[in-house]
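I am opening a new set of notebook entries on this structure. The entries follow the order in which I looked things up.

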Amino acid sequence: MYSFELTEEQQMLIEAVGKYAGNDLRAAAHDAEENHDLPKKLISKGWELGLLQASIPEAYGGFGERSAVTGVLAVEEMAFGDLAGTLAVMTPSLFATPILLAGTEEQKQAYLPKVIEGDWAPYTAALIEYAFDFDPLALRTTATLAGDEYVLNGEKAFVPFAKEAEAMIVYASLEGKTQGFIVPKGAAGLTIGDEREKLMSLNALPMYRVKLDNVKVPASNRLGGASGMDFEPVLASMRLAAASAAVGVANAAFEYSKNYAKEREAFGVKIAQKQAIAFMLAEMRTEIEASRLLTWEAAWKLDAGKDNAFTEAYLAYMGAADMAMMVTDRAVQILGGHGYIREHPVEMWMRNGRGFATFTGLAII
Amino acid sequence: MPIEFDPPKPIVQTQFVLKTVAEEMMRSKSRYYDEHEHEIPWDYIEFMHTAMKAMGAGSLAPKEKGNGHEGEEQKEKRPPIAYQSLAAQIEALAWGDVGFYLCTPGGGLGAAAVQAAGTPEQRAKFLARFAGEKPTFAAMCMTEAGAGSDTASIRARAVLDEKTNEWVLNGEKIFVTAGDKSLTPYEKLGKGFIVVWASIDPSAGRAGMRAFVVEAGTPGVRVTKLEHKLGIRVSDTAAISLVDVRVPFDHILGSPTVEKTTTGFKGAMATFDATRPLVAASGLGVARAALEFLKEKLAENGIQIRYGLPRQKLTAIERDVIDMDIMLKSAWLMVIKAVWMADNKHPNALESSMSKVKAGDVGTKITQKVVEILGPLGYSREFLAEKWFRDAKITDIYEGTGQINRLVVARQILGYSGAELR
Ligand SMILES: Cc1cc2nc3c(=O)[nH]c(=O)nc-3n(C[C@H](O)[C@H](O)[C@H](O)COP(=O)(O)OP(=O)(O)OC[C@H]3O[C@@H](n4cnc5c(N)ncnc54)[C@H](O)[C@@H]3O)c2cc1C
């Protein structure tokens, strides 16, 4: 059957996330971006919503079961508040969710309870590489087996909270296949860049370059153990996180510019009464809906274990990245010169919007 | 029920059956009828009539929500899927040939108008014929030479003759889909009707607009012209003149009183909420046909689409195909959501118009791109891609142009009336 109804639980969750996004994240977003500083208390408050905790079974210290559908709903709602804040709150998922999806029993026992037991703690993952044609399925960072250890070499970029991270998953190419390796804090040969990444947006989120110079980890630190992991579902979950965040940011820009257009007057009428503006808004709303539904469907397919879930998630991601650029650009256009001024949030959303084509690996559902 | 995207089994089964119909009865004849405009595809019409009778479906018009037709389903507490099935059927038929689909007997937009704006008695009276022995058509006449998008400015008049208690209709309608098959007494067809929108009080504007059922054969109603078109040539598009056409009092759909409200106009709009996602579905059928054809041709030429790669690594063709996949899939989900809402009795004016905006865009963009990518093969009349390009364009025009549907969407999201945003 087709259905577009949220369960009662999902509704409650979305309501809670919505409150946090609307009241807390949104209120802090501007200063966080300007000052390159996201208050720790804000992150903790988001962590207390329990998104990750609720996706991990009791056996590993959580209180629920992972659902990609719930994941995309929650991420969209939170990103409506602020993208950088959302990514910060969700950073520990970058470490925990792949372990949940692809880890061995020992890995789950060893790490999952630790990540979720207390307050938000910096666990992260390193996927992105600093190359124009960065491709998660053809990484330049390599892993080679030497005895009972893997040796990692390469350079990673945009790694959230790398500096303070207790541990991170590093993705590397092992015989041409992307595999994950758990690298503990302070491993020999692991260098975290001194300075934070300087990006067009997400200034509130501390991200770092990470160098791996013959970093050795025990073979048991390979995600999935000796037989390794299937990276596709993990990548699909990353892409869906990016896609739903794109929908959330686009929706924020749409709502903001819509409300502005209903207030702003020109030539004796509200600008929203001009078709040139009204049609942009109609198209923005339509394309947001299109992306949202594609994201839902892909998430549902992922949960249902459908064969084509990987491709669907890819399409949802590619579509959402384009959509977010289009919608955020128009939001700035609707505010005109005022949209260009950093007092209004639309220019930040436009900077966010361009990023989704690049953001694979900064969040996972 | 939680969020779910498993097409209901009955829908999957009909899609499977209709694929064969599309291939055998439609695709094989597509080119012939494209090049023999105004010939009537009798084989298809008779086949569809027989098939629909066998399936117990007299009409493609959606069954009244919540009335006897769905009673059995409701007893078993299965979610209603009438509109969803219809959308899927229409998409599947349009994949075969959207012009042929418009030649499917069963009442089309005429029956849909009776469904949406008529009383239960009127539904019983006018719709029974579609389950009869012969294939039967009905059409909807809104558009006039001077009134297309601006439906409120139609000039057709209906005056009540109090002596005979009959309505007297006068006016000129154009662009009536299946107008010929609904009115002309072809031996192979049952007696059809047209639904004519006319004003019972021109001073009342929209509030005065009403729909009237005019039976085929009523004196004074006449097909005056069949249009020659860019595409969907197998579907007749008629001009109809009405001169002192008399119809019984109860042929007025819905309420005959002119309160200073817009009930009559709302009747038309209710029809559109129901039919826009269905028209969207038909456009997406054409788009899917074109995209699948392109993929076949690419595969024949050894070109694989490498789904999963970042944009920077894709070829231009791969990018185009992936973008088209995204457009088509998401547009289809918008149709499904709109009809799912209709099935579940949620107001869907916004979703309905959004699905039409999207399908109008997607249908034209995909078919245009496919012809472009296929080069000479796309442009050649030896293949159907160029025909689909011509066929698809209509989705962005009828049932509210892309602009009119954008207006509807914008008014919904802005909370504006027609006066505030026109
Ligand atoms: C093949 C075919 C079949 C059809 N079948 C039927 C049928 O069965 N029954 C029926 O009643 N009609 C039918 N139509 C008519 C169809 O619905 C109209 O053609 C359509 O609504 C547009 O009206 P118009 O052609 O008069 O264009 P116009 O209304 O003159 O529009 C011209 C252009 O102006 C734009 N425009 C108009 N108003 C506005 C506005 N307020 N804001 C911005 N832009 C605007 C339009 O979008 C369009 O781009 C059919 C048409 C065709 C071609």
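Entry 1, ligand site. I listed the residues around the ligand and found 21, the closest being Gln275(A), Thr143(B), Ser149(B), Phe175(B) and Thr401(B). I counted a residue as near when one of its heavy atoms lies within 4 Å of the molecule. The site is shared between chains, because residues from chains A and B surround the ligand.

Conventions. I am working on a predicted model, where local features need pLDDT of at least 70 and side-chain atom pairs count only at pLDDT 80 or more, while totals for chains, interfaces and linings use all residues. Residues are numbered from 1 along each chain as its sequence is written, chains are lettered from A and ligands numbered from 1 in the order in which they are written, and side-chain values use heavy atoms, with hydrogens and water left out.

Met142(B) places a backbone N or O atom 2.8 Å from a ligand oxygen atom. Thr177(B) has a polar side-chain atom 2.7 Å from a nitrogen atom of the ligand. For Thr401(B), a polar side-chain atom is 2.7 Å from an oxygen atom of the ligand.

I noted domain 1 (9–117), domain 2 (137–259) and domain 3 (264–414) in chain B, with bounds from an automatic or database domain assignment. Domain 1 of chain B gives 26 residues and domain 2 of chain B 23 residues to their contact (heavy atoms within 4.5 Å). The area buried between these two domains is about 2,000 Å², with 73% from carbon and sulfur atoms; this is the accessible area (1.4 Å probe) lost on putting the two parts together, summed over both. On the domain 1 side, Glu37(B), His38(B) and Trp42(B) lose the most area to domain 2, together 28% of what that side buries.

My rule was a side-chain nitrogen of Lys or Arg within 4 Å of a carboxyl oxygen of Asp or Glu. In chain A, Glu164(A) and Lys40(A) pair at 3.7 Å, N to O.

How values were computed
Polar contact = N/O pair within 3.5 Å; in protein donor to acceptor, adjacent residues only side chain to side chain.
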